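Visitor: I would like to learn how to read a protein model. Please take it one feature at a time.

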Amino acid sequence: MGGPHEDQSTDAQVRGGAARSRDEGPDKGLDQRGCLILRNSANNLQGEDSQKEAKPFAITKREVWEAYKRVRSNRGAAGVDGQSIADFEADLKNNLYKLWNRLSSGSYFPPPVRRVEIPKANGEMRPLGIPTVADRVAQTVVKARLEPELEAIFDPDSYGYRPGRSAIDAVGTARQRCWRIDWVLDLDIKAFFDSIDHDLLIRAVRRHTDCPWILLYIERWLKAPVHMLEGTIVGRELGTPQGGVISPLLANLFLHYAFDLWMRRTFPHIAFERYADDAICHCRSEEEASQLRKALEERLVECKLALHPEKTKIVYCKDDLREGEYPNQSFDFLGFQFRPRGSKTRRGKLFVGFSPAVSDKAAKVFRQNLRDWRFSLPSGMTQKELARQINPMIRGWIRYFGAFYRSALHQTLGYIDRTLARWAARKYKRFGRKVRKAGKWLTGVKQRDQKLFVHWYELKGDRTVG
């Protein structure tokens, strides 16, 4: 994974410099230097760089401003410093100026990343690293410079965290290929984000940029310590934290060399879809899938990674035209379960096809979220207030998982009405906490105002198979 700049030093002149530059002055000095004036609109930024300040790195104030706007639109939780987006904006001008000053002088050092855990579909916990707001802005500056260069070389079958590509695109392509090709190797890389080798990753980055400040800050982000749940600070020698702005781009670059290019070179006839570290490969026979698995195990060892021995499996894409048998006839990919399902042709003829629909694991997580709502939503809410709070999540869930085999959603979405009935039974004394009475009342509300909850109208009459 080396490159033409492999031996070039990434040390900046001010790499060991102070954490604060002498140019960080009071508010009155900001306007005099032509800095960001953000009171009303981006129009205040015109001419911002007309007065050039001598800095080691050519990072403009406009780049920092544009990065901040992206971070603001994405919102997100506070980092280790407890500073929210609103807190950051309370002194926006100074905060952005200080960040730009430190980035452009080489004196910016990222603070520790706050560790949080979220539940996975299989019941396990997924560790995430939450950078501070300022650090997310800094990472976005670097990403905006590096991403166009990398997008030009990324594989068309790499879908994760890329502009103009989505998980739905990956699932749709996988569905079509499963119809044509009988076997799938379902890959799972063990603890991928926590196992990325820093030296190999930096070598890959150097193949595409010799910009010293990009290399400098990527190295610092990779080495930034983690603030654990119990309050301890732990150093990091491997991996890049999920949750960081720059992490998905770096992960894609690593797997571009570790997997994508290797597949094109070694098994050019085998199609695949990869979304970050989630990938499936389409094979013509069980023997070919076994050979690919063995070769991939050896390849990943070279890249200091490993296949998960239990989660990586060979799957037979059984349908009406495939009469063979095999122990594994289903796999999960991006929240969808691919397996034999009853379907209809355009002329209404029933058949069994190998198709994706919302997975049991994803549906279970959704139902758990609904149970959490029931206890967290105050009974003092009106029906419209309740709808405004929960409709965005329901709508997103329907539009994602309803992209394929939409009728599979009805059973899970019916659970929403039961949750609403329990909420109503708790809210209105006339029901005596009896859910059945509240359910009958809810049916009347639905007849009078079908637009109140999004699932009442988005799936109206949609009970077709497939």
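**Charges, helices and loops**

Guide: Start with a network of salt bridges, which links Asp-155, Asp-157, Arg-177, Arg-264 and Glu-273. A salt bridge here is a side-chain nitrogen of Lys or Arg within 4 Å of a carboxyl oxygen of Asp or Glu. This is a predicted model, so local features need pLDDT of at least 70 and side-chain atom pairs count only at pLDDT 80 or more, while totals for chains, interfaces and linings use all residues. Residues are numbered from 1 along each chain as its sequence is written, and side-chain values use heavy atoms, with hydrogens and water left out.

Visitor: How many salt bridges does this rule count?

Guide: The general idea is that side chains of opposite charge can pair when their charged atoms come close. In this structure the count comes to 17 salt bridges.

Visitor: What separates Lys-69 and Glu-66 in helix H2?

Guide: An α-helix has 3.6 residues a turn, so residues three or four places apart point the same way. Lys-69 and Glu-66 are three residues apart in helix H2, and therefore about one helical turn separates them. Their side chains form a salt bridge at 3.3 Å, N to O. Helices (H or I, at least four residues) and strands (E, at least two) are DSSP runs, numbered from the N terminus.

Visitor: Is Glu-302 buried or exposed?

Guide: Buried means under 20% relative accessible area, exposed over 50%, and partly exposed in between (1.4 Å probe, protein chains only). Glu-302 is exposed, because its relative accessible area is 55%. Its salt-bridge partner is Arg-299, with the closest N and O atoms 3.2 Å apart. Arg-299 has 13% relative accessibility, so Arg-299 counts as buried. Of the 466 residues of the protein chain, 50% count as buried.

Visitor: Where is Asp-319?

Guide: Asp-319 sits in the loop between strand E8 (313–316) and strand E9 (331–333). Asp-319 counts as buried because its relative accessibility is 13%. Arg-322 forms a salt bridge with Asp-319, the closest N and O atoms being 3.6 Å apart. Arg-322 is also buried, at 5% relative accessibility. Leaving out residues up to four places away in sequence, Asp-319 touches Val-352, Gly-353 and Phe-354. A contact means heavy atoms within 4.5 Å.

Visitor: Which helices are included in what covers the buried residues of H8?

Guide: The cover includes helix H9 (212–223), helix H10 (247–266) and helix H11 (286–302). Helix H8 (residues 198–206) has seven buried residues out of nine. Among them are Leu-200, Leu-201 and Ile-202.

Visitor: What is the phi of Arg-75?

Guide: Most residues other than glycine have a negative phi. Arg-75 is not a glycine, yet its phi is positive, about 55°. Arg-75 lies in the loop between helix H2 (61–74) and helix H3 (85–90). Tyr-405, also not a glycine, has a positive phi of about 50°. Tyr-405 is in the loop between helix H13 (383–401) and H14.

Visitor: Which residues form a positive surface patch?

Guide: Patches are made of residues with over 30% relative accessible area and no salt bridge, with like charges joined within 9 Å and nonpolar side chains (Val, Leu, Ile, Met, Phe, Trp, Tyr) within 5 Å. Lys and Arg count as positive and Asp and Glu as negative, while His and the chain ends are not counted. The positive patch here is formed by Lys-434, Arg-436, Lys-437 and Lys-440. Lys-434 is partly exposed, at 48% relative accessibility.

Note on methods
Accessible areas come from the Shrake-Rupley method with a 1.4 Å probe; for residues, only the protein chains shown count as cover. The place of a charge is taken as NZ of Lys, CZ of Arg, CG of Asp or CD of Glu.
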